[in-house]
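Hello,

I am passing a structure on to you, and I hope you enjoy looking through it. Please open it first, and then read on below.

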Amino acid sequence: MAPCSTVILGTGSYAPAGILSNDDLAKRMETSDEWIRTRTGIRERRIAAPGENVSDMGAKAAAAALADAGLKASDIDLLIVATITPDLPMPATACLIQNLLGVPTNAACFDLNAACSGFIYALDTACAMLSSGRYKKALVIGVEKLSSIIDWKDRTTCVLFGDGAGAAVVGLVPGSGRGLLGTRLGAYGDSAELLWIPAGGSRTPATPESILRGDHCIRMKGKEVFKLAVRAMDEAAREILEQHGLHSDQIACVIPHQANLRIIEAIAQYLELPIDRFFINVDRYGNTSAASIPLALDEARRSGRIKEGDITLLVAFGAGLTYGSALIRW
Ligand code: ACO
């Protein structure tokens, strides 16, 4: 029998209703729509309502992905949540989503932290676990409530991020030639402090002083991150194409991490691809970290940007500093 492929059987996404525009931000701090748009391409972002948790958003995206796949929560035996904003330090948000959806108690459920590359890391993990033959159907969720870890007094970071969720159902399909063709994952751990949350973990537990300093919020050296992001995403994209003997021109649609339009434009230039080959929604959501790629993937599929037989390239970069790319044939 032909070997099985790991195939995305359905996708779903969820964005909270609350919209925060650049003009809204300009009323609160020294910034402007013009500054944000020209530097980042972002026009607005979604902000979760008070009491709307990462588990709630992730469960909604997952329910949409299950419906798209024509499957039920009871079919799932592996649930991976990529996030840097779990509901709680413990237990894992995956367990909370398991409970919300009614995923069976014999399913493996865990969280994975690779920041903005999280969905690609989680997809690769799920596909490897499915390929082992020990699991049959996986839910892979990328979800973030970055509004909860932003320092709203720091205009160099707070204008960049937003909240949202995306999900994919993955299963084994015999000999189809479709599915995940390969991944390329990596990390620059020596640059961890370019993009980090200095306090609130076991190294520096939160104190009243650390909270006053905002040390439990995202801190970033934007210019350095920008340069490393372009280099890492370009390399990750190039290497995976080379590994599979593909030219960038054979990629029907690139789904890049939606951090900054200028980063996406730079990657397009390096890969010698027209910008319209890239699916872009950073203007509407800002950077939603681990949710960014699955949210864009779901919108791309539902808007008809991805057709049967197409090869899609996913490419991301995030805190860690992690990076990753994946090739999928539909
Ligand atoms: N509004 C107005 N002015 C601002 C703002 C703001 N929101 N933020 C910074 N400025 C000012 C700065 O203070 C600076 O002023 P100065 O020259 O008087 O000192 C000026 O604007 C220029 O700032 P730069 O930092 O030089 O602006 P730059 O062109 O580098 O753009 C940006 C900044 C958008 C953050 C850019 O560096 C960037 O996108 N970096 C990558 C960020 C990123 O993508 N991070 C996430 C990747 S990984 C992940 O997703 C978790």
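This is a predicted model: local features need pLDDT of at least 70, side-chain atom pairs count only at pLDDT 80 or more; totals for chains, interfaces and linings use all residues.

The elements that give two or more residues to the shell around the ligand are helix H2 (33-40), helix H6 (155-158), helix H8 (222-243), helix H9 (261-270) and strand S12 (311-318). With 4 residues, H8 gives the most to that shell. Domain 1 (4-176) and domain 2 (180-329) both contribute residues to the shell, so the ligand lies between them.

Next, the surroundings themselves. The ligand is surrounded by 23 residues, and the closest are Thr31, Cys116, Lys223, Asn260 and Asn287. By type, the shell residues divide into 10 nonpolar, 8 polar and 5 charged.

- Asparagine 287 has a polar side-chain atom 2.4 Å from an oxygen atom of the ligand.
- Histidine 257 also places a polar side-chain atom by a ligand oxygen, at 2.8 Å.
- Glycine 222 takes part through its backbone, where a polar atom is 2.9 Å from a nitrogen atom of the ligand.

How much of the ligand does the protein bury? Taken alone, the ligand exposes 1,000 Å², and the protein buries 74% of that.

Now to the backbone. Most residues other than glycine have a negative phi, and most peptide bonds are trans. Against that background, these places deserve a look.

Methionine 90 and proline 91 are joined by a cis peptide bond, with omega about 5°. Proline 91 is found in the loop between strand S4 (78-82) and helix H4 (93-101).

Another cis peptide bond links glycine 320 to leucine 321, and its omega is about -5°. Leucine 321 belongs to the loop between S12 and strand S13 (322-329). S12 is also one of the elements that give residues to the ligand shell.

Finally, glutamate 272 is not a glycine, yet its phi is positive, at about 55°. This residue lies in the loop that runs between H9 and helix H10 (282-285).

Terms used:
Residues are numbered from 1 along each chain as its sequence is written. Side-chain values use heavy atoms; hydrogens and water are left out. A residue is near a molecule or strand if one of its heavy atoms lies within 4 Å of it. A polar contact is a pair of N or O atoms within 3.5 Å; within protein, one must be able to donate a hydrogen and the other to accept it, and residues adjacent in sequence count only if both atoms are side-chain atoms. Accessible areas come from the Shrake-Rupley method with a 1.4 Å probe; for residues, only the protein chains shown count as cover. Ala, Val, Leu, Ile, Met, Phe, Trp, Tyr, Cys and Pro count as nonpolar, Asp, Glu, Lys and Arg as charged, and the others, Gly among them, as polar. Domain bounds come from an automatic or database domain assignment.
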